[in-house]
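Here is a short report for a first look at this model. Keep the sequence and the 3D view side by side as you read.

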Amino acid sequence: MAFINLNNVTYKYPLTKTPALQNINLQVNEGEFVAIVGPNGAGKSTLCYTLAGFVPHFFKGEISGTVEVAGIDSSKSTLDKWVLNVGLAFQNPFNQISGAKYTVFEEIAFGLENTGVPRDEMKPRVEEAMKLTDISNLADRSPYSLSGGQQQRVALTSILVMRPKLLVLDEPTSQMDPIGTREVFGVIRKMAEGGMTVVMVEHKMEWIANFADRVVALKDGQVLMEGKPNEVLTSELLVENGFGVSRYTSTAREAKKQGLWKKEKLPVTLDEAVEGFKK
Amino acid sequence: MHERLSFFVKRDSALHPLNPLTKIVLALGIILVSIFSPWYWTSHVLLLVVIVPLVFIGKVATEYFTSALRLILPAAGFIFFMQAFFQPIGQTVIFNFWFLDITQESLLFAFRIATRITVMISAFTLFLLTTHPSELMSDLTRRGLPPQFAYVIISTLQILPQMQAKAQTIIAAQRSRGLDTESTFFKRIGSVVPLVSPLVFGSLVEVEERAIAIEARGFTSKKAKTSLYEISDRSSDKFIRWGLVIFVIISIVLKLWLS
Ligand SMILES: Nc1ncnc2c1ncn2[C@@H]1O[C@H](COP(=O)(O)OP(=O)(O)OP(=O)(O)O)[C@@H](O)[C@H]1O
Ligand SMILES: [Mg+2]
């Protein structure tokens, strides 16, 4: 059985008329790295909250269908237990700083303190996590004194250190430069290879194509399409539905109209584009 | 940038490893004794014989005397002049200015009050300089303070400077759109209104996100919390605490007995 199992999930925020998620069916295997794409308001964040238990335990509203992670039904669990299995990091790093800690090291240890990890285990775990995301040099800084990209790394590390089975990331690299983005994608890929299941909302198509196993395209709260990154990200359907596409894809698509792109498949990444234009 | 959001300075001193509660009790004890003791010179003696040596023992002299110059001295000076001029006590006029008389009694009274204020602020400053805020919170939580309560206190202390910085940003942004924040009083009152909503509503969304973020990190977990720092509470800590309680009781008893 799949590690994540969403069965006909429909969800409406309180006081709203149209559902933010409609009849979502999604299965994800353990250790799989799935990317979610979609235009603004598509329901990507809502899907993240649903996986992380905040829908419906925090946001209330009406939900139907079933949400299962690691064989546990979300509606039968409580949020404080759910977060032990599922980690969530989201876009705005400033609001993810606990505000209760004075250094990055303490900030990362916050989740371990809350969940009762013994002290002698805590320090090595924090150090290891900081090494993984390459922020060991920030250990003694105040989290508030960091740049947006550094804060996003801290937010990610604060979740990784808790060793969740499922990692849910909502645009975790939005404030990072290309080098930072690549590094973080590398770390996440590594976690997935180590058996962690990853669901990540991301707009940077090239990186998705390079690192993710599968892409799910959301629109108006529904799954429009899903499949291999290259298949989904080069599909006409996305263009018709107003999704952003990689610049290499749009360039090659134009080139194809002029007869300059000979291959059947369109590229998403730079490498694929170079490869295709060579022929 | 706000690299230092707390007063705490890390030093290797005899004061730093004391239990945080001991340091609170020490500060409060000094403050209470200085308020209640009936002896005129109590505050002066406390300042010279207790606080100043503690400042050196705690190795925070530079920081303490900086804040003494910038904060404590002006506050104490202001109170001294207010009390000296406007305290209608005593007959022995030693100085006269327009309709104000300064009497020997009012001067003595002002000196006592100003020193008391100095002692109070100093004791508290000493506590802040030598106590790590996170350790304080962990220790108080361990002693039964609800973690939510501890969180509210400590995060407010940290977030206030952030709010202030944000208010400045919003003011700058609104002003660049033609908002008048610098002319007459009434115009300025009127122009504060548009600043309020981004600050408050911005904060509401932030509060929701922050609640999600700390929840995601197990804040409401039912498991017994642990702490990154080992917080020592030795028998000497208990000894100091009880000693201070006794001093405070003696001061109160003396005060009641003599009046
Ligand atoms: N707290 C809320 N209360 C009511 N409605 C909400 C709430 N949060 C989101 N919505 C609505 O739910 C729908 C999906 O929003 P969601 O935030 O999931 O979109 P998204 O795909 O993450 O968009 P973006 O790319 O802008 O982050 C939108 O129509 C939005 O207005
Ligand atoms: Mg979103």
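Does A:T50 count as buried or exposed? A:T50 counts as buried, because its relative accessibility is 0%. Buried means under 20% relative accessible area, exposed over 50%, and partly exposed in between (1.4 Å probe, protein chains only).

## Ground rules

This is a predicted model, where local features need pLDDT of at least 70, side-chain atom pairs count only at pLDDT 80 or more, and totals for chains, interfaces and linings use all residues. Residues are numbered from 1 along each chain as its sequence is written, chains are lettered from A and ligands numbered from 1 in the order in which they are written, and side-chain values use heavy atoms, without hydrogens and water.

A:T50 sits in helix α1 of chain A, residues 44-51. Helices are DSSP runs of H or I with at least four residues, strands are runs of E with at least two, and both are numbered from the N terminus. Neighbours within four places in sequence aside, A:T50 contacts A:L21, A:V55, A:I63 and A:V67. Contact means heavy atoms within 4.5 Å.

A:V83 belongs to helix α3 of chain A, residues 79-85. A:V83 counts as buried because its relative accessibility is 3%. With neighbours within four places left out, A:V83 touches A:F54, B:E215, B:A216 and B:G218.

## A sheet in chain A

In chain A, 4 strands form an open antiparallel sheet, ordered β2-β1-β4-β5. Its edge strands are β2 (21-28) and β5 (72-73), each pairing on one side only. Two strands pair if DSSP finds at least two bridges between them. Strands β1 (residues 4-12) and β4 (residues 62-69) of chain A are joined by 7 bridges. A:T10 stands opposite A:S64 in β4 of chain A.

## Nonpolar cores

A nonpolar core is a set of buried Ala, Val, Leu, Ile, Met, Phe, Trp, Tyr and Cys residues joined through side-chain atoms within 4.5 Å. The largest has 69 residues; A:F54 and A:L233 are among those touching the most other members. Helix α7 of chain A (residues 178-193) gives this core its largest share, 6 residues. Another core lies apart from it, with 36 residues including B:V9 and B:V119.

## A helix pair in chain B

The axes of helices α1 (residues 20-36) and α4 (residues 104-130) of chain B come within 9 Å and cross at roughly 175°. Axes are lines fitted to C-alpha atoms, for helices over the stretch in contact, and angles run from 0 to 180 degrees between N-to-C directions. The two helices are therefore roughly antiparallel, a label for angles over 145 degrees. Among the residues that meet are B:I24 and B:A27 in α1, and B:V119 and B:F127 in α4.

Methods:
Angles under 35 degrees count as roughly parallel, over 145 as roughly antiparallel, 65 to 115 as roughly perpendicular and the rest as oblique.
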